[in-house]
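Q: Could you walk me through reading a structure feature by feature? Please keep it brisk.
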Amino acid sequence: MDKLELQLRAKAIELLEEGEVSIIIGWGPGWNSTKATPVFARDGETAEKLIFNPFCFNNLSVYLPRISEKTAIIAKPCDAGSIVALLAEGKISRDNLYIIGVACQGIVDPVKLEAAVGSIDDATAACLEGDNIVVEIDGEAKQVSFAEVALDRCMSCNQQNNVFSDVMVGEPVQPVVGEARSVVPEDAGAAWWRGFWSKEFDRCIRCYACREACPACYCRDNCAVQALRERWTGPRLDAQEALMFHAQRAMHVAGRCIECGACERACPVGIPLTLLHEQVGKAVKKLFNFNVGEKVDERPPLETFRKEELESGH
Amino acid sequence: MARVGVFICHCGANIAGKVDVEAVSEAAINIPGVVYSSHQKYSCSEAGQKVIIDAIKENRLDRVVIGSCSPKMHENTFRKTVQQAGLNSYMLEIANLREHVSWVTADKDEATKKAMDLVKAAVGKVSFAKPLTPGQVPVEKRALVIGGGIAGIQAALDIADMGYEVVMVEREPSIGGRMAQLDKTFPTLDCSACILSPRMVDVAQHPNIRLLTYSEVENVNGYVGNFNVIIRKKARFVDERICTGCLECMGKCPLKKKIPNEFENGRAPRGAIYVPFAQAVPKVPVIDKEYCRYLLSPDPDKVEVKEGEKKPKRKCGVCAKVCTQGAVDFNQQDELISEKFGAIVLATGFNLFDHSKYGEYGAGKIPDVITALDFERIVNSSGPTEGKIVRPSNGEKPKRVVFIQCVGSRDEAKGVPYCSRICCMYTAKQAILVREKLPDAEIYVFYMDIRAAGKGYEEFVLRAQREYGANYVRGRVSRIYESNGHMVLKAADTLVGMPVEMDDVDLVVLATGSIAREDSVELANTIGITTDNHGFISEVHPKLRPVEVPREGVFACGACLSPRDIPDAVATAGAVAAKVGVLFSNDILMSDPMVAEIDPLKCAACGACVSVCPYSAITMEEFRGKKFAKVNEAMCQGCGTCSAACRPGAAQLKGQTDEQILRSIEAVLQW
């Protein structure tokens, strides 16, 4: 890991010094070792903070639409997928962008980690050692298998080393091998989902953190749910209005969401939003045979019309 | 607070017979915002309109809801009414109480309740209406006519005679189209070329018409009154300005007997340099670059020559040598011409069904089974046999001629369920022509039904039967096959219920139906209009707007709309000219203000609207570093697709905003 980080920093400093870019977006150490935080480096000193490890869960591409200067971004496969999606929508310009790709073994799910080792708020050190995640809490090193605490999504990922980038830093990796632990029964029907979501959305405080963390949600303060004249969503804090908000968001990112799970990890009350986006994603895949984040020159399927769609009855 | 007035129309008994209009009117007064409500016998009558105008003035109404028939009927009437009373004409909402309620609801109570709901929705919507002002666009008074068949020719001449400039684009080397290929025309038996060629010459000589043959439309942009069209003028390799039309070159082309002539339906040859037929307009040959030996031989300037070797020479080039004017120019390139037009006329015509899809009729492999178009060329005195009706297999006169109707018409299994309308008539004509040239021949016509609706048409068919002795047999031919050098035909006579078997059939003529041009869908996409299932251009309304297509400023005539005969093609061409004349009589057009509008402050610049807009009316703009989408109001047709696709709700259809729609839903649910 250390070697990768040194390479990352060296590349970043090189790009800044050569004037290729004026800002580097990457991850740095957070307020505790299990929480990496975004770093915006404009100088070598800040670039020295850059890290990459299984705790770098933010999808950094979320910042790209807001930056108009020459930018280098460190991207793991998820981030790169979002970048491709943003390029496809013409939201960001390829000319202004330098992508430093890193291979990714998987990202730690903080919920699973807490379940395994207890509260991680006071973790003083955390790293991946071999196949295990080692977390130091109150001077005591706790060890847990990476496969047990990695994100469900990472178990089925096959893009570990396939990163849309200008340069790859570090070595190719082997994926984490484990099993996703779905809470959804196989025969889940509409009734089950209704019950599930009304329970989950009852907790929603409409802080819109999910929206802010999402690279596809770049409408920002013009978001439809905040439209005062139209009032698509009412101001009440209850499961019904929250469902309206989340359903609307799910539809708005349909065919554009790469299911990175940034929304879910940003949620302060732990609503499993990835499940919602996965459901929509499955429908998009089935209806339009479209993989988000694959092609930079193909607009999202809900914004295009192909004649085959008419013929196939969709 | 809005001051809404509600007017419920009885429409005689049309609405009042099912809806308790009094109750609806009384209930309306309780809807928030409504300050006046009444009901009248006929709102659209002069008296009814006066009641509305007076009520607006007396009650200081600022918005109006009229519960009446469909807005398709009287929206314009009532817009003018409220305007007369001093309101903006868009401060009006119509609740459709006739087509949506009284005509389609059986129960009186239910009808009344539904009427009340629709009035509530209309009040909710109109409460958030804003005054709208139509935009103004200038009109470029030039027309583009695509297609130089009889329909295009007629339309071009009529428009040009009105004093407007016309550019006619024809894909083939000559204008004339299908009609030029025909021998005689029904039911008068006029010589087709004799009545057509004067028109062709008129087109060529008309001071207001510019003719672009061997050219195709590449791209169409813009909107009514202001279309930008790019036309590809294909390289002809003969300079039209110099060529005198002596055609000396054609006689010297070494390939002159080698290439099947499309004009003769492949039944006579042409050279690589050719005019398709004698009366061609313009009478300037083209060189077919697919065949020309000079053009196919490698360019010596581009070939690498080794030392000591001679530079290779181009092959042939005889036409250039014999041309006294030096008109042959092998270096000519395709030319892209960009022109502005106010109106576009489609007259792209039709194709004929490919009878090779009929395996039972030999799938096009039996030489003496020919199509009606083949017959037209064979019977024509300038055709491949100089007008002698002979069997293609051996050049002998046929003794027994069979016509089969509905080949590629009214055949659902072959994907052509429609009637081609012309085949019954041209078959009768061809039967008459056979009798005139071969007095002793036996003539049979197998038919499904005879459809001879038209002036003098039925009489014409009867003449073919009675005077010219064509034997009409009702029934479908099931099989044609060759046996020992004879053609055998099997059929059923459905009137007598007996099978028919004929040996020694000498010539079979298939009445192949009309189909759309194979590239009609592509052309429609280029122009931004639609076609029906069969590829024919869709009109706005088949009865009331038969020559207008859904893109404003674009018109269509002739057989590109649906199968039709020459009189109908000419009539629709005249109709198109009249429509273009109406359009060009305006110096400025008022555009419908109910178009999309994008709030640049809300726009997230995602480009979804640009991608979905069927009219290319939205572009991405940039102002002080912020990107946003912008609608060209003159191009926008108000379809609302952008509004549906816009996630932050920046794109709104004026007069149908999200707010208006949501408030009308709320009105129904809450009030």
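**Reading strands, helices and contacts**

A: Start with one residue pair: Arg142(B) stands opposite Glu165(B) in S7(B). Keep in mind that this is a predicted model.

Q: In which sense do S6 and S7 of chain B run, and how many bridges join them?
A: The general idea comes first. Strands of a sheet pair through backbone hydrogen bonds, either parallel or antiparallel. Here S6 (residues 142-146) and S7 (residues 165-169) of chain B run parallel, joined by five bridges.

Q: What is the strand order of the open sheet of five strands in chain B?
A: Read across the sheet: S10-S7-S6-S18-S29, with parallel pairing. At the edges are S10 (209-212) and S29 (554-556) of chain B, and each pairs on one side only. Ignoring direction, neighbouring strands of this sheet are turned by 20 degrees against each other on average.

Q: Which strands of chain B does helix H15 lie across?
A: H15 (residues 566-584) of chain B lies across S6, S18 (343-346) and S29 of chain B. Its direction is at about 175 degrees to S18(B).

Q: Which strands form the antiparallel open sheet of three strands in chain B?
A: The order is S24-S25-S26 in chain B. S24 (477-483) and S26 (498-505) of chain B are the edge strands, each pairing on one side only. Now look at one pairing. S24(B) and S25 (residues 486-493) of chain B are antiparallel over six bridges. Within it, Tyr481(B) stands opposite Val488(B) in S25(B).

Q: At what angle do helices H2 and H3 of chain B pack, and how far apart are their axes?
A: For a helix pair, read angle, distance and handedness. H2 (residues 46-58) and H3 (residues 71-84) of chain B pack at about 40 degrees, with axes 9 Å apart. H2(B) and H3(B) are therefore oblique to each other. Their crossing is right-handed.

Q: Which residues of H2(B) and H3(B) meet?
A: From H2(B) come Gln49(B), Ile52(B), Ile53(B) and Ile56(B); from H3(B), Thr81(B), Val82(B) and Gln84(B). By class, this contact has four nonpolar, three polar and no charged residues.

Q: How many residues of chain A are in contact with chain B?
A: For an interface, count each side, then sort by class. 17 residues of chain A are in contact with 17 residues of chain B. The side of chain A holds five nonpolar, five polar and seven charged residues.

Q: How many helices and strands are there in chain A?
A: Chain A has twelve helices and eight strands. Of its 314 residues, 40% are buried. Among contacts in chain A between residues at least 6 apart in sequence, 67% join residues at least 24 apart.

How values were computed: Residues numbered from 1 in each chain as written. Chains lettered and ligands numbered in written order. Predicted model: local features only at pLDDT ≥ 70, side-chain atom pairs only at ≥ 80, totals over all residues. Pairing = 2+ DSSP bridges. Helix = DSSP H or I, 4+ residues; strand = E, 2+ residues; numbered from the N terminus. Contact = placed C-beta atoms within 7 Å. Nonpolar A, V, L, I, M, F, W, Y, C, P; charged D, E, K, R; others polar. Axes fitted to C-alpha atoms, helices over the stretch in contact; angles between N-to-C directions. Parallel < 35°, antiparallel > 145°, perpendicular 65-115°, else oblique. Left-handed = near helix turned anticlockwise from the far one by under 90°. Buried ≥ 20, exposed ≤ 12 C-beta atoms within 10 Å, placed from the backbone.
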